[in-house]
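Work through the exercises below with the model open. Each task is followed by a stepwise solution.

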Amino acid sequence: MTAETKMDLTPIRDYTDKFLGWMRGRGAVLIVTHDHPDPDSLAAAMALKHLITVKTGQPATVAFGGMIGRGENRVMVEKLEIDLVPLDSIDLNRFPVVCMVDSQPGTGNNSFPQDRKVDLVIDHHPLRETCQEVHWVDVREEYGATATMMYEYLEAQEVGFGTKLATILFYAIKSETQDLGRDWIRADRRAYLKLLPLVNNSILFDIIHPEVPRAYFAHFSHAIHNAMIYKDILVFNLYKIDTPDMVAELADFLLRVDEVKLVLGMGYYEGVVALSFRTLRNDLNSGEILQKVVAGLGTAGGHGMIAGGQIRDTGGDKESLASLEQTLTHRLLEVMHCYPVPGVPLVSE
Ligand SMILES: [Mn+2]
């Protein structure tokens with residue numbers, strides 16, 4: 001064993017022993033992901049389900065809000081047989097135990113009713129006050145992925161798992177940290193390296209290179225053509241979209257523009273404006289910046305270099321969305337102390 005892979009799992013074993021002991025015999029378990037779940041929340045949920053099933057024998061159901069839109073995620077759910085149901089399709093009273101992964105109560109990015117009790121939270125986003133009401137809380141803000149925490153749980157409990165779950169966990173760490181290039185720590189690298197030999201690389205290839213509909217390219221085209229650059233900040237507006245996670249995908253894509261260090265993107269899906277914020281600067285706190293930008297309008301949260309947000313109860317027509325873009329741009333420039341600065345289009349014909 002090299003120094004890199006060595007780790008004292010005793011505290012994690014003790015903690016997981018305790019909550020598994022508490023859970024044992026309490027009945028059906030519900031595991032909630034954040035809305036429009038990404039690979040990290042899906043992986044964490046599937047790993048927790050596996051852990052609970054093996055260790056307690058209790059049935060566990062994974063439920064999500066929103067939709068699974070992104071091509072990579074759809075291929076992942078299909079090929080890796082990820083078994084999950086929409087949150088609004090189940091009777092919540094059937095579940096005496098509720099767990100939440102990669103999210104926390106009251107963040108605005110999950111659809112679990114706020115007046116209902118959550119028993120266990122596993123997350124790597126900044127700790128929220130609402131977790132004071134939660135019995136079992138493991139929030140490690142420094143971790144790059146919740147999947148890394150779940151890998152450590154399985155390891156500490158000596159629970160074996162197959163190539164499918166290994167591939168899910170590996171892909172989660174890979175995509176969430178962009179191959180250990182963004183917001184990662186040694187623990188993520190350790191889990192990534194330990195999972196690598198267990199991965200089904202043919203399925204992994206299919207996930208990374210999914211077939212996508214023509215509409216996917218239309219979103220790219222819209223974003224590229226209406227993106228505006230203000231100094232080193234790029235803002236784009238997708239207006240109405242059919243897959244909310246397109247905003248995050250395009251935010252990552254447009255962050256590659258050489259003079260750009262910050263990207264804010266927005267898109268409207270079923271009554272909610274989805275926001276994505278990305279930066280290459282590691283001296284900034286993306287979650288806090290986006291929270292200031294949406295103050296009084298919506299909710300936001302995130303890590304150092306990536307953040308997401310939601311604005312509800314807003315018009316979905318072109319004028320309302322254009323005016324919201326103006327408001328958010330103005331606020332972001334003020335937060336970054338560079339208002340006013342003229343905007344120039346990313347591309348000009
Ligand atoms: Mn995550």
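**Exercise 1.** How many helices and strands does the secondary structure of the protein chain come to?

*Solution.* The model is predicted: local features need pLDDT of at least 70, side-chain atom pairs count only at pLDDT 80 or more, and totals for chains, interfaces and linings use all residues. Residues are numbered from 1 along each chain as its sequence is written. Take helices as DSSP runs of H or I with at least four residues, and strands as runs of E with at least two, numbered from the N terminus. The protein chain then has eleven helices and 13 strands. Next, take the radius of gyration over C-alpha atoms; the globule rule is 2.2 Å times the number of residues to the power 0.38. The radius is 20 Å, close to the 20 Å that the rule gives for 349 residues, so the chain is as compact as a globular protein of that length.

**Exercise 2.** Determine what share of the protein chain is buried.

*Solution.* Count other C-beta atoms, placed from the backbone, within 10 Å of a residue's own: 20 or more means buried, 12 or fewer exposed, in between partly exposed. Buried residues make up 45% of the 349.

**Exercise 3.** Which residues of H4 are buried?

*Solution.* Ten of the eleven residues of H4 are buried, so the helix is largely enclosed by the rest of the structure. Among them are Met149, Met150, Tyr151 and Glu152. Just after H4, Glu158 takes a positive phi of about 50 degrees.

**Exercise 4.** Find the buried residues of H6 and what covers them.

*Solution.* H6 runs over residues 186–195. Its buried residues are Asp188, Arg190, Ala191, Tyr192 and Leu195. Their cover includes H4 (146–156) and H5 (163–176), with contact meaning C-beta atoms, placed from the backbone, within 7 Å.

Notes: Two residues are in contact if their C-beta atoms, placed from the backbone, lie within 7 Å.
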